[in-house]
Amino acid sequence: MTTQHLIQQIKQKKSFLCIGLDVDLTKIPKHLLKAEDSIFDFNKSIIDATHDLCVSYKPNMAFYEAEGLKGWQSLQKTIDYLNATYPEIFTIADAKRGDIGNTSAMYAKAFLTDLNFDSITVSPYMGKDSIEPFLAFENKHAIMLALTSNEGAFDFQTKKTNETELFKVILETSKTWVNSQNLMYVVGATKAEYFKEIREIVPNSFLLVPGLGAQGGSLQEICKYGLNQNIGLLINSSRGIIYASREKDFAERARAEALKIQEEMAEIIVSLLK
């Protein structure tokens, strides 16, 4: 998917919501556990109920890998269903891969070609030759960890090297890599005070922002400094939407929670486009 197509979807739906499909079998409605493929049935119900309110879905690979072969089959069915039924949706494989070049090339093929995700999250720790293989695919994107929402982010990401915080060094350096126009960046919602500085380095890039809701991120604070002329944000919410209910009305309740966020986003977009 091209960045321009994503921007068009944001303007059309008046939403920059990304919904995380982090399926924990201990948290889904009990009646689904009797199904042949509980994970896919849960995902399909959430997707069908919310697809018009969001522009992106983000399955976190850990929740599928933990279920072994069955989990991978559920993931395959989920991405195939999205691509076939809602091809306008921007899909993110939340895999956080990043290894030496030839290994990254295989990861890139697995997620961007074989599974046919639009994007994948990656870790920059091993440098450009671990990231550039993900950037070599036309109309595909690598979403690189820059400043994450977890407490441990302060262990390394904000430490200074030559008087500059590490996350800023990472952002600046990544702009020099081959096909860097295919890069997006992960910036945690709980780090809203850093968005102004981040936008000074990557003013035009999309930022994937996890941490809204359950982790305490504020939409208004994120948008205050994170928005650009094309919105430039994908705000992720997972648990607050998909686990809004553990009863048979779970999909309807998920839609209601997604709608609250979308309506707030619509107000922001309308005011920005005036």
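Let me start with isoleucine 100, which sits in the loop between strand S3 (90–97) and helix H5 (101–114), where helices (H or I, at least four residues) and strands (E, at least two) are DSSP runs numbered from the N terminus. This is a predicted model, in which local features need pLDDT of at least 70, side-chain atom pairs count only at pLDDT 80 or more, and totals for chains, interfaces and linings use all residues. Residues are numbered from 1 along each chain as its sequence is written, and side-chain values use heavy atoms, with hydrogens and water left out.

Isoleucine 100 is partly exposed, at a relative accessible area of 44%; buried means under 20%, exposed over 50%, and partly exposed in between, with a 1.4 Å probe and protein chains only.

Now to lysine 58, which belongs to strand S2 (residues 56–59) and, with a relative accessibility of 5%, counts as buried. Setting aside its neighbours within four places in sequence, lysine 58 is in contact with Cys18, Ile19, Gly20, Leu21, Asp22, Ile92, Asp94, Leu208 and Asn236, contact being heavy atoms within 4.5 Å. Between lysine 58 and tyrosine 194 there are 136 residues in sequence and 24 Å in space, taken C-alpha to C-alpha.

And where does lysine 27 lie? Lysine 27 is found in the loop between strand S1 (17–21) and helix H2 (38–50), and lysine 27 is partly exposed, its relative accessible area being 35%.
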